[in-house]
Amino acid sequence: MTRRAPRACVIGWPIAHSRSPLIHGWWLAHYGLPGSYEKAAVPPGEFDAFMAHMAADGFVGGNVTVPHKEAAFRACAARTATAEALGAVNTLWIEAGKLHGDNTDAAGFLGALDADAPEWDARLKTALVLGAGGAARAVLHALRARGAASIRLANRSRDRSEALARQFAGVEPVDWQARDEAAQGVDILVNTTSLGMTGQPPLEIDLSTLPDHAVVDDIVYAPLETPLLRAARERGLRTVGGLGMLLHQAVPGFERWFGRRPAVTAELRSLVEADVQGHRP
Ligand code: ATR
């Protein structure tokens, strides 16, 4: 029996702008591995049917993005503890004929911090997280896992931050208007809102009261340096941009589908940076 080359995909709607094929395609070529990774444009009404046919279509698994992460969670027969904690799945694989799901957003967030701001958690106690969507949930999970005892959560819509705070110990909702005071003395500040993204207004926040060892992390990656990151850099703080999270969240899936743990190298980062900036080298 001949073994077919593993086939994987990223499932979303819309999917045209996904950078995942660029990342996985580069790793496949770099390691000289057989396999493929493609975009799957799947509208919401067709997601369950796509899942049901995945194995028969020759897929060994794939990534899941907006708006399907919760539907993917429901479709899985087995899930990792992280996926269970987050209620969403972004990485799928078929094992013994069954659909398995993981969520690698929290690991991606931590992988980027560990790589770009070494020792960032050495004296981690307090954090301020801005935003209360799915990305904020992954960030809260990750910060709690690394020992953040007290996390302030500020979101424009207070009901969403309150709902999220009920699900995580040590998380306290604060008013969006009170974010400047909430930033005082925190060891890490994380933006998970869409503010600062290309075409969106910048995130306005006072960074003057952060301690000198604080890290500012913006999970937005377009532009590569948001106004928040620029202000933090000018203030002399360590900064981590969103591109690292995008690259690091891709690692576990590639390893499952193609059998080799890939490295996030400077070369890969430059390739994706050029793509984000609108020019491929
Ligand atoms: P994701 O799941 O990717 O985190 P999301 O659920 O769309 O994305 O959340 C986007 C976040 O950006 C939300 O926290 C949103 O605040 P609301 O919950 O009040 O909608 C936040 N956001 C978007 N535009 C904003 C703005 N102009 N001012 C403040 N917050 C904003």
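Let me begin with the helices: α1 passes α11 in a right-handed crossing, where right-handed denotes that the near helix is turned clockwise from the far one by less than a right angle, and left-handed anticlockwise. This is a predicted model, in which local features need pLDDT of at least 70 and side-chain atom pairs count only at pLDDT 80 or more, while totals for chains, interfaces and linings use all residues. Residues are numbered from 1 along each chain as its sequence is written, and side-chain values use heavy atoms, with hydrogens and water left out.

Contact (heavy atoms within 4.5 Å) involves His-24, Trp-27, Leu-28 and Tyr-31 on α1, and Val-251, Phe-254, Trp-257 and Phe-258 on α11. By class, this contact comprises 7 nonpolar residues, 1 polar residue and no charged residues; Ala, Val, Leu, Ile, Met, Phe, Trp, Tyr, Cys and Pro count as nonpolar, Asp, Glu, Lys and Arg as charged, and the others, Gly among them, as polar.

I turn now to the cysteines. How many disulfides does the structure hold? There are 0 disulfides, the term meaning a pair of cysteine sulfur atoms within 2.5 Å. For Cys-9, which is in no disulfide, the nearest cysteine sulfur belongs to Cys-76 and lies 13 Å away. Cys-9 is buried, its relative accessible area being 0%, and Cys-76 also counts as buried, at 6% relative accessibility. Buried here means under 20% relative accessible area, exposed over 50%, and partly exposed in between, with a 1.4 Å probe and protein chains only.

Terms used: Helices (H or I, at least four residues) and strands (E, at least two) are DSSP runs, numbered from the N terminus.
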